[in-house]
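Me: I am new to this structure and would be grateful for a close look at a single part of its surface. Please set that part in the context of the whole chain.

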Amino acid sequence: MDMESIIQLVPNFGFPVVITFMLLKYLMDNIKEKFERLDQTLKELIELIKEKKLP
């Protein structure tokens, strides 16, 4: 493959690759927030259960 062919491929595949990585980053950040919230909620639930068992 010559250099001219490679240069023509960049606009065709470069943009979708960039958009894909941006979407992946957004999804990973969103999932990370949800898992952190879930983790905190589970910790609170565990504490509440412990309090109920130790009267």
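Reply: A salt bridge is a side-chain nitrogen of Lys or Arg within 4 Å of a carboxyl oxygen of Asp or Glu. Accessible areas come from the Shrake-Rupley method with a 1.4 Å probe, and for residues only the protein chains shown count as cover.

The model is a predicted one, in which local features need pLDDT of at least 70 and side-chain atom pairs count only at pLDDT 80 or more, while totals for chains, interfaces and linings use all residues. Residues are numbered from 1 along each chain as its sequence is written, and side-chain values use heavy atoms, with hydrogens and water left out.

Helices (H or I, at least four residues) and strands (E, at least two) are DSSP runs, numbered from the N terminus. Leucine 45 has a relative accessibility of 44% and counts as partly exposed. In these terms, buried means under 20% relative accessible area, exposed means over 50%, and partly exposed lies in between (1.4 Å probe, protein chains only).

Along its principal axes, the C-alpha trace spans about 75 × 15 × 5 Å. Of the 55 residues, 0% count as buried. The accessible surface of the chain comes to about 5,600 Å², and 70% of this belongs to carbon and sulfur atoms.

Isoleucine 31 and glutamate 51 are 20 residues apart in sequence and 30 Å apart in space, C-alpha to C-alpha. Glutamate 51 lies in helix α1 and counts as exposed, at 54% relative accessibility. Leucine 23 and glutamate 36 are 13 residues apart along the chain, and their C-alpha atoms are separated by 20 Å. Glutamate 36 is also found in helix α1 and is partly exposed, with a relative accessible area of 47%.

Charged side chains complete the picture. Side chains of opposite charge can pair when their charged atoms come close. The structure holds two salt bridges. In one, aspartate 29 pairs with lysine 25, the closest N and O atoms being 3.0 Å apart. These residues are four apart in helix α1, and therefore separated by about one helical turn. Aspartate 29 is partly exposed at 36%, whereas lysine 25 counts as exposed at 53% relative accessibility. In the other, the side chains of lysine 43 and aspartate 39 meet at 3.3 Å, N to O. Lysine 43 and aspartate 39 are likewise four residues apart in helix α1, about one helical turn. Both are partly exposed, lysine 43 with a relative accessible area of 47% and aspartate 39 with 39%.
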